[in-house]
Amino acid sequence: MAAAGSEGSAGPVPPGGAKGAPPAPPAPSGPPPGATSASATPVPPRPLDPIDRSILRLLQADGRASIRSVAEQVHVSRANAYARINRLIDDGVIQGFTARVNHERAGQGASAYITLKIVQNSWRTVREKLRELPGAAHIALVSGDFDVLLLVHTPDNRTLRELVLTRLQSIPEVLSTRTLLVFEETDLLEPGPVGGPALASLNPLAPLTEEQP
């Protein structure tokens, strides 16, 4: 087996080496730019203490709560509350601040949970197609008698029927569906006051500032 890199080494090397030849560049000591180490492992999430969990419950109930209000309710300083919330954002625990919508009053009077059986190993493809459905609110890959659980909100039952019979069942990877109509919903989170100062700016993950009231 010929040695690697033997091309160009057939001639004898003059004593003292090739005059004027530039020295060979040193071998790189690390991975190329953009490459990730094969041994790299994701950073585990930092544990949440009772104050962190209380802050999360408050923000889930009212994403527009002020820093001052949050700090008073969990009995910490405003600076402490500010730092904790920003850390929860940086760690990916808080992924955004959204409005809680009354779907019926918003013109979406028909809601349903739809179970789907799909072709094996087609979850990622199906998930991207379900994202495009009008009114799709929640998608989950689950275990049990079916594979996917989908929550949808539509203006009326006719639109819901069209979504199931035309849109869903036309997806090649969907083998079967079952529709469970929602007659009544109860949100277990206590609603917060409407109209208070926003906790974050229009950017749902914008860093918070201590100057906010």
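In the predicted model, glutamate 173 is located in the loop that connects α5 with β4 (174-181). Glutamate 173 counts as buried because its relative accessibility is 17%, under the 20% cut-off. Neighbours within four places in sequence left aside, glutamate 173 is in contact with Lys117, Ile118 and Val119, and also with Ser122, Thr125, Val126 and Lys129.

The C-alpha atom of valine 182 is 5.1 Å from that of alanine 112, although 70 residues separate the two in sequence. With residues up to four places away not counted, valine 182 touches Ser111, Ala112 and Tyr113.

The protein chain contains five helices and four strands. Their order along the sequence is α-α-α-β-α-β-β-α-β. Of its 213 residues, 25% count as buried. Among contacts in the protein chain with a separation of 6 or more, 69% are between residues 24 or more positions apart. The accessible surface of the protein chain amounts to about 15,400 Å², and carbon and sulfur atoms account for 55% of this area.

The largest nonpolar core comprises 17 residues. Within this core, Ile114, Leu116, Leu130, Leu150 and Leu168 have the most contacts. Two or more residues each are contributed by the strands β1 (110-118) and β3 (148-154) and by the helices α4 (123-131) and α5 (157-168). Another core, of 15 residues, lies apart from the largest one and includes Val76, Ala81, Leu88 and Ile89.

Two helix pairs that share α3 were examined. Two packed helices are described by the angle between their axes and the distance between the axes. Helix α2 (residues 67-74) packs with helix α3 (residues 78-90) at an angle of about 105 degrees, and the two axes are 8 Å apart. Helix α2 is therefore roughly perpendicular to α3, as angles of 65 to 115 degrees are classed in this way. On the α2 side, Ile67, Arg68, Val70 and Ala71 meet Arg78, Ala81, Tyr82 and Ile85 of α3. The contact of α2 with α3 consists, by class, of six nonpolar and two charged residues, with no polar residues.

Helix α1 (residues 50-61) also packs with α3, at an angle of about 80 degrees and with the axes 11 Å apart. This angle makes α1 roughly perpendicular to α3. Helix α1 provides Ile51, Asp52, Ile55, Leu56 and Leu59 to the contact, and α3 provides Arg84, Ile85, Arg87 and Leu88. By class, the contact of α1 with α3 has six nonpolar and three charged residues and no polar ones. Ile85 of α3 takes part in the contact with α2 and in the contact with α1.

Positive phi values were found at histidine 75 and asparagine 121, neither of which is a glycine. Histidine 75 occupies the loop between α2 and α3, and its phi is near 65 degrees. Histidine 75 is exposed because its relative accessible area, 71%, is over 50%. Asparagine 121 has a phi of about 65 degrees and is placed in the loop between β1 and α4. With a relative accessible area of 77%, asparagine 121 is likewise exposed.

Proline 134 is positioned in the loop between α4 and β2 (136-141). The relative accessibility of proline 134 is 47%, so this residue counts as partly exposed. Its C-alpha atom is separated by 7.7 Å from that of threonine 154, which is 20 residues away along the chain. Beyond residues up to four places away in sequence, proline 134 touches Leu163 and Arg167.

Notes
Residues are numbered from 1 along each chain as its sequence is written. This is a predicted model: local features need pLDDT of at least 70, side-chain atom pairs count only at pLDDT 80 or more; totals for chains, interfaces and linings use all residues. Side-chain values use heavy atoms; hydrogens and water are left out. A nonpolar core is a set of buried Ala, Val, Leu, Ile, Met, Phe, Trp, Tyr and Cys residues joined through side-chain atoms within 4.5 Å. Buried means under 20% relative accessible area, exposed over 50%, partly exposed in between (1.4 Å probe, protein chains only). Axes are lines fitted to C-alpha atoms, for helices over the stretch in contact, and angles run from 0 to 180 degrees between N-to-C directions. Angles under 35 degrees count as roughly parallel, over 145 as roughly antiparallel, 65 to 115 as roughly perpendicular and the rest as oblique. Contact means heavy atoms within 4.5 Å. Ala, Val, Leu, Ile, Met, Phe, Trp, Tyr, Cys and Pro count as nonpolar, Asp, Glu, Lys and Arg as charged, and the others, Gly among them, as polar. Accessible areas come from the Shrake-Rupley method with a 1.4 Å probe; for residues, only the protein chains shown count as cover.
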